[in-house]
Amino acid sequence: MNKIRVSVVGASGYTGFELVKIFLKHPMVEITNLAVRSNVGTPFSEIYPSLKGRCDLTCVAIDVDRISATSDVILFCLPHKTGMKLIPQFIGKGKKIIDLSADYRFDDPLMYKSAYGIDHADAENLSAFVYGLPEINRKLIRKASNIASPGCFPTGIVLALMPALQAGLIRTDSIVVDSKTGISGGGKVPKPAFHFPECNENLTAYKVATHQHEPEIEQELSKMAKQSVDILFVPHLVPLNRGIYNTIYTELKMSVSPEKIREFYRKYYRSEPFVRVIDNDRIPQIKHVVYTNFCDIGMVLRGNRLILMSAIDNLIKGASGQAVQNMNVMMGFTETMGLD
Ligand SMILES: NC(=O)c1ccc[n+]([C@@H]2O[C@H](COP(=O)([O-])OP(=O)(O)OC[C@H]3O[C@@H](n4cnc5c(N)ncnc54)[C@H](OP(=O)(O)O)[C@@H]3O)[C@@H](O)[C@H]2O)c1
């Protein structure tokens, strides 16, 4: 089998760097274009010196014709609101497209507007994208041409809640999600809150119950519960480079033993290569998932309260690893290829 030709647009950012590192280990990938806005003509290893001798490809401009002609798969690592102006020019050229931004994650352009504050610039193509969480949409992803990779918060939250919601175990109107994210979640462009003296030795909530990922999470949870799910979502910024930790408070609709719930979760995720349900006496930790594509899930039952915990690496399972997992499914490769 020949290698596939893969291009990364927005390669100079954090998720682009992670993609390149994964592709260097991927036996079926040849990187053909690392396309950038501000570093055209610069070797990638000058932007990221840790890759000297491993990826010295020269970064190229974002040229639609050239990239389309020399790629089988194109991954977009652009800020939201940017991709939707560029990606339509790549659609319909017979290439597989994977967008890591939020621009194609919503079914309804009005939801996009309420989350991101502007009209969607390419609403007619929203239905051409599959929400790229392989654990829920693997069959659709296999046949898809275009993938909207999920947000980092939604990934760990949806994976933790999905079994309980699908089985009708928990109430849909009282879910409270408390999340902690590392600083790389904001990308490589420094903002005041992400400045070292501001975030080091500090912990703060932000965008309390107004974060743009809340409607995305509710969209996906409502689909799996087959009814409207209304969550309260409070993210926090913690002084870690990477990692997301979710603590999710739910109310059981019926009486179930902790052993039964854990066994149910284990069975549910038995065949999933990247979801691990943690043993009885353990709690997930960010330390155990960083630099991996794993999502670790744990649970504790107190009375009728089921407390779910999940941990992921925001840049791997929350972004670039998940994008490669999607690509593997789309291309018919072993799902774990490049991600072991
Ligand atoms: N960071 C995470 O944990 C994470 C997780 C899941 C999803 N995502 C999503 O993935 C996308 C990329 O995130 P990131 O963390 O990699 O961001 P980033 O580090 O800020 O990188 C963004 C990239 O986009 C390029 N870019 C910015 N504005 C552009 C424009 N107008 N035209 C062309 N290129 C432009 C930048 O190029 P220059 O260097 O030339 O400015 C850079 O290469 C975002 O949509 C983000 O929401 C991120």
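Domain bounds here come from an automatic or database domain assignment. On that basis, the protein chain splits into domain 1 (4–150 + 318–331) and domain 2 (153–314). Their centres, taken over C-alpha atoms, are 25 Å apart. The model is predicted: local features need pLDDT of at least 70, side-chain atom pairs count only at pLDDT 80 or more, and totals for chains, interfaces and linings use all residues. Residues are numbered from 1 along each chain as its sequence is written.

**Sheet**

- An open sheet is built from seven strands in the order β3-β2-β1-β4-β5-β7-β6, with parallel pairing.
- Helices (H or I, at least four residues) and strands (E, at least two) are DSSP runs, numbered from the N terminus.
- Two strands pair if DSSP finds at least two bridges between them.
- The edge strands, β3 (60–61) and β6 (129–131), each pair on one side only.
- Strand β2 (residues 29–36) pairs with β3 in the parallel sense, over two bridges.
- Val 36 stands opposite Ala 61 in β3.

**Helix α11 on the sheet**

- Helix α11 (residues 316–331) lies across β1 (4–9), β4 (73–76), β5 (96–99) and β7 (146–148).
- Helix α11 runs at about 160 degrees to β5.
- Axes are lines fitted to C-alpha atoms, for helices over the stretch in contact, and angles run from 0 to 180 degrees between N-to-C directions.
- Two residues are in contact if their C-beta atoms, placed from the backbone, lie within 7 Å.

- Domain 1 (4–150 + 318–331) and domain 2 (153–314) are the two parts.
- The contact takes 20 residues from domain 1 and 22 residues from domain 2.
- On the side of domain 1 that touches domain 2, the elements giving two or more residues are α5 (109–116), α6 (134–143) and α11.
- Helix α11 gives the largest share of that side, five residues.
- That side of domain 1 holds eleven nonpolar, six polar and three charged residues.
- Ala, Val, Leu, Ile, Met, Phe, Trp, Tyr, Cys and Pro count as nonpolar, Asp, Glu, Lys and Arg as charged, and the others, Gly among them, as polar.

**Ligand shell**

- The ligand is surrounded by 27 residues, of which the closest are Gly 13, Arg 37, Ser 38, Ser 101 and Gly 187.
- Elements giving two or more residues to this shell are α1 (14–25) and α11.
- Helix α1 supplies the largest share of the shell, three residues.
- The shell divides into ten nonpolar, 15 polar and two charged residues.
- Both domain 1 and domain 2 give residues to the shell, so the ligand lies between them.

How values were computed. A residue is near a molecule or strand if its C-beta atom, placed from the backbone, lies within 6 Å of it.
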